[in-house]
Amino acid sequence: MSGRPARPSPQVMESLARELRATLGEEAVRGDAATLDAYGRDESDAGVFPPHLVVFPGSTSDVSAIFRLCQAHGVPFTPCGARSGKSGGSLPVLGGVAVSLERMNRLLSISTEDLVAVAQPGLVTGELMKAVESRGLFYPPDPASLDMCTLGGNVAENAGGPRALKYGVTRDYVLGLEWVLPSGEVLRVGRRTIKGVAGYDLVGLFVGSEGTLGVATEITLQLLPLPRVVRTALLSFPSVLHAARAVSAVLAAGILPRTLELLDDVAIRAVDGRSFHFPPGAGACVIAEVDGNVEEGVTAELTSLGEVCLHEGALEVLVAQSETQREGLWAARRGVSPGLRALKRHKVSDDIVVPRSRMAEVIGRLKAIGTELGLTVATYGHAGDGNLHANVLYDSPDDWPRVEEALSRMLRLTVEVGGTITGEHGVGLSKKRFLPLEQPAPLLSLQRQLKALFDPSGLLNPAKIFDDAGC
Ligand SMILES: Cc1cc2nc3c(=O)[nH]c(=O)nc-3n(C[C@H](O)[C@H](O)[C@H](O)COP(=O)(O)OP(=O)(O)OC[C@H]3O[C@@H](n4cnc5c(N)ncnc54)[C@H](O)[C@@H]3O)c2cc1C
């Protein structure tokens with residue numbers, strides 16, 4: 001049976017609430033207005049969709065029991081972590097139950113011999129990073145939201161970050177998962193070893209499934225030794241096009257830094273003078289970071305990178321002289337998304353990836369779309385990966401038709417040049433109408449069949465990814 005779930009009635013919710021309270025305890029089930037409002041929002045601007053109830057499981061068996069009860073009552077249920085998502089993935093579109101994994105936040109083990117960590121899904125990513133770094137180990141995926149987002153949300157979105165350029169994304173580090181299927185059945189998939197090819201790669205399928213195929217209740221992660229030397233530079237350019245060309249030139253020169261982060265003039269304006277003062281007159285900046293174990297090698301690599309950028313028109317190369325300076329710079333980078341909100345009343349954030357060879361051209365065309373439609377377009381992000389956060393800023397909801405037109409043109413352009421509509425934020429609610437631009441009908445149909453196989457009732461996180469998914 002492939003279901004089309006509906007918004008539950010008050011009577012059904014009353015009876016489910018009674019059973020959830022009896023199973024989980026009063027404390028773990030909340031229905032007050034402030035909680036419902038908070039769990040009806042995320043960082044996506046996709047709208048506000050309050051659930052009828054929010055539940056806070058403390059264990060895998062709680063999660064399983066919640067899913068079984070929701071299935072028995074025919075009530076939609078939607079998992080969430082920290083609700084820092086930018087595609088609306090955690091929004092309970094049909095109401096029902098929001099299942100917050102935030103109380104399952106323990107770091108269960110770190111093995112320095114196996115280079116493995118095991119954690120619960122509600123652990124904040126930055127907390128895991130600090131814990132492993134104190135043991136000389138390294139967990140590279142570093143979403144700019146690392147101080148708030150959770151590992152479960154990272155797994156669901158296959159989160160990336162600045163260091164993905166050299167080290168890859170979340171999927172590259174997930175070895176195994178404890179996974180609760182929508183039916184409530186608990187599976188263990190994957191392994192604890194570095195290699196292993198027994199059976200289909202279900203870890204690969206579940207990572208990036210955006211909370212629509214089940215929920216991670218335990219996550220086994222591969223770690224690396226912590227690089228002993230890290231050097232960071234800020235390169236300023238007259239324009240964003242110079243900066244984009246320099247990024248391509250650095251990679252073409254055989255240099256692989258761990259980050260090449262771009263900020264255009266609008267992004268710089270959004271954060272300048274807070275934790276960091278950017279060079280006056282910069283039309284764009286790139287944050288480059290190199291790492292390794294030998295001081296001379298790392299310094300030589302940063303010097304070569306600076307020379308390539310100067311050749312491409314860089315105005316200045318500033319190397320961070322202390323950890324405080326470096327942190328100030330990264331705090332500025334991490335502040336771009338919230339900082340842009342202060343420039344205009346509304347913003348819509350895109351997350352496109354384009355072939356790196358086409359990046360300068362694409363940025364030029366994105367800016368031209370903004371100019372033609374009278375809208376401000378900020379471009380920043382993981383330029384080393386070709387992953388651009390193109391943000392459309394606007395003042396009034398009346399501007400929405402032009403914003404919608406801009407988004408549509410940007411995504412068409414992305415697909416036209418061989419790119420993808422989302423590099424790390426996911427399709428969720430925000431981009432589902434655009435997925436057919438990139439993926440043909442047979443591919444969409446195959447994925448809908450997969451969803452129906454794992455979730456025949458369609459009650460888990462309805463109305464996400466596919467345009468006709470039950471809403
Ligand atoms: C300022 C800012 C900067 C950001 N920078 C980056 C960045 O650099 N890179 C990047 O990739 N993203 C970035 N993001 C987006 C966001 O932080 C990530 O998508 C993050 O992975 C979401 O984690 P979360 O815990 O907040 O999940 P939520 O937003 O709560 O949920 C996201 C999705 O995960 C599902 N989910 C949550 N927990 C589980 C679980 N245990 N099992 C299965 N599914 C689950 C939800 O149903 C939903 O579909 C940024 C966001 C902000 C606000």
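I take helices (H or I, at least four residues) and strands (E, at least two) as DSSP runs, numbered from the N terminus. Residues are numbered from 1 along each chain as its sequence is written. The model is predicted: local features need pLDDT of at least 70, side-chain atom pairs count only at pLDDT 80 or more, and totals for chains, interfaces and linings use all residues.

**Entry 1**

I looked up Ile 465, which lies in the segment after helix H16 (441–454). Its phi is near 70°, a positive value in a residue other than glycine. I call a residue buried if 20 or more other C-beta atoms lie within 10 Å of its own, exposed if 12 or fewer, and partly exposed in between, with C-beta atoms placed from the backbone. Ile 465 is buried, with 23 other C-beta atoms within 10 Å.

I then turned to Asn 158, in the loop between H5 and helix H6 (164–167). Asn 158 also has a positive phi, near 50°, and is buried, with 21 other C-beta atoms within 10 Å. For context, most residues other than glycine have a negative phi.

The shell has 37 residues, and the closest are Gly 81, Gly 89, Gly 152, Gly 153 and Gly 211. Two or more residues each come from strand E3 (77–80), helix H5 (151–157), strand E10 (215–222) and helix H12 (336–343). H5 gives the largest share, five residues.

By class I recorded 13 nonpolar, 17 polar and seven charged residues. Here Ala, Val, Leu, Ile, Met, Phe, Trp, Tyr, Cys and Pro count as nonpolar, Asp, Glu, Lys and Arg as charged, and the others, Gly among them, as polar.

I treated two strands as paired if DSSP finds at least two bridges between them. Five strands form an open sheet in the order E5-E6-E10-E8-E9, with antiparallel pairing. E5 and strand E9 (186–190) stand at the edges with a single partner strand each, so one side of each lacks a neighbour in the sheet. The twist averages 10° from one strand to the next.

E6 and E10 are joined by four bridges, and Ala 119 has Ile 219 in E10 as its bridge partner. E8 is joined to E10 by six bridges, with Val 180 opposite Val 215 in E10. E8 and E9 pair over five bridges; Trp 179 has Leu 187 in E9 as its partner. In the hairpin of E8 and E9, with five residues between the strands, Gly 184 takes a positive phi near 105°. I noted that seven of the seven residues of E8 are buried.

**Entry 1. Helix H4**

Which residues of helix H4 (residues 125–133) are buried? I found Thr 125, Leu 128 and Val 132. Seen down the axis of H4, they fall within an arc of 60° (taken from the directions from the helix axis to the C-beta atoms), so they line one face of the helix.

I took residues as in contact if their C-beta atoms, placed from the backbone, lie within 7 Å. The cover over the buried residues of H4 includes strand E5 (107–111), strand E6 (116–119), strand E7 (137–138) and H5. H4 lies across E5 and E6, at about 35° to E5. Axes are lines fitted to C-alpha atoms, for helices over the stretch in contact, and angles run from 0 to 180 degrees between N-to-C directions.

Note on methods:
Near = placed C-beta within 6 Å. Contact = placed C-beta atoms within 7 Å.
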